[in-house]
Amino acid sequence: MGAAEPESAEVDRLPGWVTLLLAPNPGPMTLDGTNTWILRAPGAERATVVDPGPLDEGHLRRIAEHGPIERILITHGHHDHVEGAARLSEMLGGAPVRAGSPVHCLGGEPFDPSESIDGNGLEIRVMETPGHTSDSVSFLVICGTDLAGCGTDRAMFTGDTMLGRGTTVVAPPDGDLGAYLGSLELLSAYPEVLMLPGHGPARGDTAERARFYLGHRRERLAQVAAAMAAGAETPGAVVDLVYPDLDPGLRFAAEWSAAAQLAYLRREQS
């Protein structure tokens with residue numbers, strides 16, 4: 001059994017400069033659906049979209065209704081976050097799409113490491129947080145009195161690096177557990193910063209969530225190491241030992257995670 005989630009840390013009220021639009025794509029991997037975030041500083045004309053989500057015309061129309069929108073930012077290249085980006089850009093008259101990988105950019109450049117974007121009254125700091133995917137980034141967004149008269153709000157948009165409920169799958173070869181643990185360490189340095197994930201509810205403390213994730217990963221690694229010592233050499237064999245009560249519909253995801261864990265432990269042991 002893993003550590004219980006700190007459910008009391010869920011947050012119902014968002015800052016006034018943040019709007020959440022939930023995409024209609026619920027499922028085992030997407031929870032209630034993809035969270036699309038619209039950011040607009042108080043009094044600002046133009047907004048920023050984070051993760052437009054799937055190619056669903058109704059959802060994209062709801063996003064476009066919050067225009068004018070200056071830019072579309074992508075946390076990572078999985079289809080449930082980026083699939084609708086090109087169509088949304090078209091609906092918005094060519095708003096640039098920017099991401100960590102050039103594959104997902106349209107009319108804009110890939111992010112520079114530690115780049116800071118002027119978000120029309122918001123400061124959007126790009127943070128490289130690879131692991132879930134090689135191109136994963138998080139956005140630390142600051143709405144301060146020196147920027148837009150909205151207090152000293154800060155929020156971390158984590159994509160799938162950390163979810164509001166449950167844990168994240170790290171699937172090789174694009175996902176890498178060593179890089180992921182480093183990203184969690186980075187995010188653990190942001191206490192009392194609101195966490196706004198790609199799926200699931202908002203959380204009140206980015207650092208607390210990162211520490212919970214780190215504890216969960218270390219516990220799983222210890223279990224996988226014990227399974228290896230007992231003779232488990234494949235992801236399937238690890239899942240049989242470590243996840244005995246697993247929902248059969250989630251076995252594929254558990255095997256992805258087990259493959260990442262095996263690769264990480266073998267590197268550590270070499």
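**Note on helix packing and the sheet**

1. Leu177, Tyr180, Leu181, Leu184, Glu185 and Leu187 in helix H4 are in contact (heavy atoms within 4.5 Å) with Thr206, Ala207, Ala210, Tyr213, Leu214, Arg217, Arg218 and Leu221 in helix H5. The residues of this contact comprise 10 nonpolar, 1 polar and 3 charged, where Ala, Val, Leu, Ile, Met, Phe, Trp, Tyr, Cys and Pro count as nonpolar, Asp, Glu, Lys and Arg as charged, and the others, Gly among them, as polar.

2. The model is predicted: local features need pLDDT of at least 70 and side-chain atom pairs pLDDT 80 or more, whereas totals for chains, interfaces and linings use all residues. Residues are numbered from 1 along each chain as its sequence is written, and side-chain values use heavy atoms, without hydrogens and water.

3. H4 (residues 177–187) and H5 (residues 206–229) pack at about 150°, their axes 8 Å apart; axes are lines fitted to C-alpha atoms, for helices over the stretch in contact, and angles run from 0 to 180 degrees between N-to-C directions. H4 is therefore roughly antiparallel to H5 (angles over 145 degrees).

4. Helices (H or I, at least four residues) and strands (E, at least two) are DSSP runs, numbered from the N terminus. An open sheet of 5 strands has the order S2-S3-S4-S5-S6, with mixed pairing (at least two DSSP bridges between two strands). Strands S2 (18–22) and S6 (97–98) are at the edges with a single partner strand each, so one side of each has no neighbour in the sheet.

5. S4 (residues 47–50) pairs with S5 (residues 69–73) in the parallel sense over 4 bridges. Alanine 47 stands opposite isoleucine 69 in S5.

How values were computed: Angles under 35 degrees count as roughly parallel, over 145 as roughly antiparallel, 65 to 115 as roughly perpendicular and the rest as oblique.
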